[in-house]
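User: I'd like to learn how to read a few features of a fold. Could we go through them one at a time?

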Amino acid sequence: MQENHEKAKEQARVNHVLEVIEKKLRTLEEKTGGLKQDIVSLRKTFWEDVTVNLDEPDDVIETHTSLRQQAELLSERERSHRQFFKQHKNLERLKASPYFGRIDFLEDGEDKSEKIYIGLFSLMDENDEEFLIYDWRAPISSMYYDFAPGPANYKTMDGDITGNIELKRQYIIRQGEIKGMFDTGITIGDEVLQAVLSDQADTQMKSIVATIQKEQNEIIRNDRKKYLVVLGAAGSGKTSAALQRVAYLLYKYREILRADNILLFSPNQLFSSYVATVLPELGEDNMDQSTFYQYLQHRLKDYEVENPYEQLEYILSGKRDENYWVRKKAIRFKASLSFKQLIDAYVHNLQSDGMMFKNISFRGEVFISKQEIKEYFYSLGKQISIPNRIQLLKDWLLIKMDEKEKEEKGKEWVLQESELLDREDYLKVYRKLQKEQRFSENTFNDFEREENMLADWIIKRKLAPLRKKINELAFVDVRGLYIDLFTWARKAQHSVQLPNEWEKIGEMTAKQIKRRILCYEDATPYLYLKDRLEGKLIYTKVRHLFIDEAQDYSPFEFAFFREIFPNSRMTILGDINQSIFTFALGGQNGLTLSDELFPDEELEKIILAKSYRSTKQIVEFTKEILNDEQEIIPFNRNGNLPRLTTVENKQLLHQAIIKTLGDLQSRGYETIAVICKTAREAKQAFDELSQAMDFHLIKKETRSYEKGLLIIPSYLAKGIEFDAVIIYNASSNIYSDEEERKLFYMACTRAMHELFLFSIGESSPFLNQVSEDKYVRG
Ligand SMILES: Nc1ncnc2c1ncn2[C@@H]1O[C@H](COP(=O)(O)OP(=O)(O)OP(=O)(O)O)[C@@H](O)[C@H]1O
């Protein structure tokens with residue numbers, strides 16, 4: 001009775017709030033004359049610079065100015081439109097579910113408690129006096145996540161506010177109707193969390209604001225130190241917490257931080273699109289997202305840069321010949337900070353000797369030789385840094401270009417080209433010169449002058465690509481230097497311990513690079529060397545960098561991040577048990593951040609031990625696959641034990657998988673993944689299995705996926721989850737190398753509700769240590 005009465009009261013309040021929302025929506029629509037259309041965003045991809053490539057300097061200036069004016073005008077209009085549009089959208093969102101929580105807080109010294117309703121956004125009453133809803137990110141809302149009923153406090157700009165929470169309540173409101181209502185303790189409503197977690201997998205990640213757990217809230221709101229490192233078991237909500245953290249930071253620092261000041265490095269494009277809906281769902285613009293590989297490609301346009309997954313595919317399925325072992329050693333060394341030290345020593349040496357340059361040639365003739373360039377470079381004092389010397393060198397070369405222009409003037413080729421100019425080109429020159437008012441109608445008849453001007457124009461045009469190259473510092477022979485580094489290291493004195501196979505590694509590297517192919521393990525070191533010589537490219541725009549699946553970046557790459565984002569704050573999220581590039585780490589754990597680059601006093605570490613994704617049975621099974629003692633606590637959601645089925649051959653394997661898939665579908669599961677070890681295995685499985693059922697084959701280029709049956713290589717399933725997972729072939733001949741244990745673990749932990757493993761003959765030794773009662777066979 002009492003309960004019904006309470007619910008009716010709450011529903012009445014919801015109705016009142018909905019009326020206010022309606023009114024606000026109408027007012028907004030009147031103000032803007034109806035907001036029917038979204039704005040088409042013209043944003044370019046993050047790494048792309050806006051360059052307008054014109055020959056003539058004047059044109060460049062002119063174009064630039066007009067572009068800027070236009071852009072300013074457009075962005076002003078876009079801004080106000082965007083603002084209204086955002087408000088409108090947020091109100092629409094509130095209309096469906098205005099809030100999800102409430103606390104009654106009695107502040108110390110007050111005699112009446114305040115009811116704080118918490119939702120996605122703040123909402124004031126009609127007179128803009130009282131908060132009907134508090135934004136979940138508001139300081140006062142933090143108590144909802146941090147405290148059970150009883151004493152509580154929260155931080156404000158003016159200090160801590162203390163008091164007592166008298167009631168903590170959760171709501172499930174759908175389409176304006178209260179569907180559920182629970183008074184809860186410290187953990188935010190097991191009931192609601194149970195319900196959320198029992199839901200089906202989605203092809204897009206969902207926001208978790210209504211059920212953020214205390215330890216996750218600590219990640220979301222923690223901004224004490226420059227670096228925040230979050231280590232957490234599979235499915236512990238690292239990515240979720242990271243995305244809500246972005247929303248929180250955008251709210252807290254809204255005056256100074258925009259979405260495009262935040263960059264998320266994600267493991268692949270599939271993951272990028274998987275998480276792309278969370279922030280818009282929270283009413284915020286998406287942060288910039290990129291894979292580190294995209295960044296490398298952008299910076300190394302002259303090369304074909306190997307994709308990290310190609311490298312991984314090679315390691316996982318490579319034929320294990322001599323090259324294989326040498327390359328593996330090379331990968332390990334090139335991922336280490338020792339290699340960075342070696343490059344530093346090499347660069348130090350280059351200050352006095354050994355720089356390499358390229359000849360500058362024009363019309364097939366060298367006109368400034370590499371030797372001359374080198375001499376000029378070393379004529380500049382040692383006290384000037386290499387990047388600064390290169391800048392001075394560039395200026396010197398550009399002056400040489402001016403001289404060259406004069407020198408070429410009387411030459412035969414210029415005359416010939418001017419005779420060959422077609423009418424259109426001729427007119428172009430004429431108009432250009434006229435515009436510049438460099439001559440009048442009358443003087444153009446002056447044949448000599450005309451010829452002179454045409455010659456100028458022709459030479460300038462011919463030399464323009466060369467000038468461009470000089471401006472891009474293409475005269476520095478970074479390729480030659482990178483190759484030379486390997487020879488130098490053998491002879492020179494330095495303190496770095498080189499691998500035994502160093503000579504072979506050097507040969508292998510040189511061979512690839514000469515073909516303009518950069519293996520993935522060379523890409524970052526190469527860029528590092530280039531930046532050390534030519535000057536660092538620093539991304540000042542990025543104020544906060546998020547690195548997800550951080551265990552998959554090498555120590556060298558982390559050092560490099562510190563170089564290119566020296567002032568950015570960083571949130572680094574990872575799980576050492578899910579390293580897929582273990583072969584690059586040589587026994588070290590991923591995510592060993594060097595104290596020098598990430599000093600203790602600037603770093604805070606948070607560990608998440610509770611796992612939310614999978615049922616208790618799956619978590620308990622998968623955790624025994626691991627060798628280490630990491631604490632992983634399953635959330636209390638029950639399901640079936642994982643099942644291991646052993647068959648005799650491929651044909652029976654496919655039959656058994658098809659049967660299992662049929663069962664799973666008939667039980668209503670919609671997103672089911674058959675996880676294979678490699679892309680090659682995935683393709684073979686796809687060819688066989690798709691004769692019986694419809695599958696989507698996920699490749700490294702795949703950007704998004706639909707619900708249904710998927711076949712996916714293990715490493716692409718990173719960070720994603722499925723209702724049910726089938727490990728296609730967990731045989732001992734497929735997963736046996738100790739370095740693949742974590743990959744195997746990562747694949748199994750993608751399952752939310754059901755996990756099936758199949759094996760042809762003997763199963764993987766990784767399963768030997770799993771207790772018999774943690775799974776069923778058959
Ligand atoms: N507080 C929460 N409320 C509701 N769902 C949650 C919560 N925390 C985590 N989850 C759910 O658990 C699942 C796993 O979360 P998430 O992908 O963020 O974990 P992760 O630590 O990044 O996992 P992994 O390292 O395995 O990729 C997601 O479905 C997420 O929505």
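User: What span should helix α11 have, and what do its end C-alpha atoms show?
Analyst: The expected span of a helix is 1.5 Å times one less than its number of residues. Helix α11 (residues 322–334) has 13 residues, so it should span 18 Å, and its end C-alpha atoms are 18 Å apart, which agrees. Helices here are DSSP runs of H or I with at least four residues, numbered from the N terminus. Mind that this is a predicted model: local features need pLDDT of at least 70, side-chain atom pairs count only at pLDDT 80 or more, and totals for chains, interfaces and linings use all residues. Residues are numbered from 1 along each chain as its sequence is written.

User: Which residues of α11 are buried?
Analyst: A residue is buried if 20 or more other C-beta atoms, placed from the backbone, lie within 10 Å of its own. In α11 these are Arg327, Lys328, Ala330, Ile331, Arg332, Phe333 and Lys334. Their cover includes α10 (308–317), α12 (337–350), α19 (502–514) and α20 (520–534).

User: How many residues of domain 1 are in contact with domain 2?
Analyst: Contact means C-beta atoms, placed from the backbone, within 7 Å. Domain bounds come from an automatic or database domain assignment, with domain 1 at 1–209 and domain 2 at 215–303 + 546–598. Here 18 residues of domain 1 are in contact with 22 residues of domain 2. On the domain 1 side, α2 (57–96) and α3 (142–146) give two or more residues each, and α2 has the largest share, four residues.

Key
Two residues are in contact if their C-beta atoms, placed from the backbone, lie within 7 Å. A residue is buried if 20 or more other C-beta atoms lie within 10 Å of its own, exposed if 12 or fewer, and partly exposed in between; C-beta atoms are placed from the backbone.
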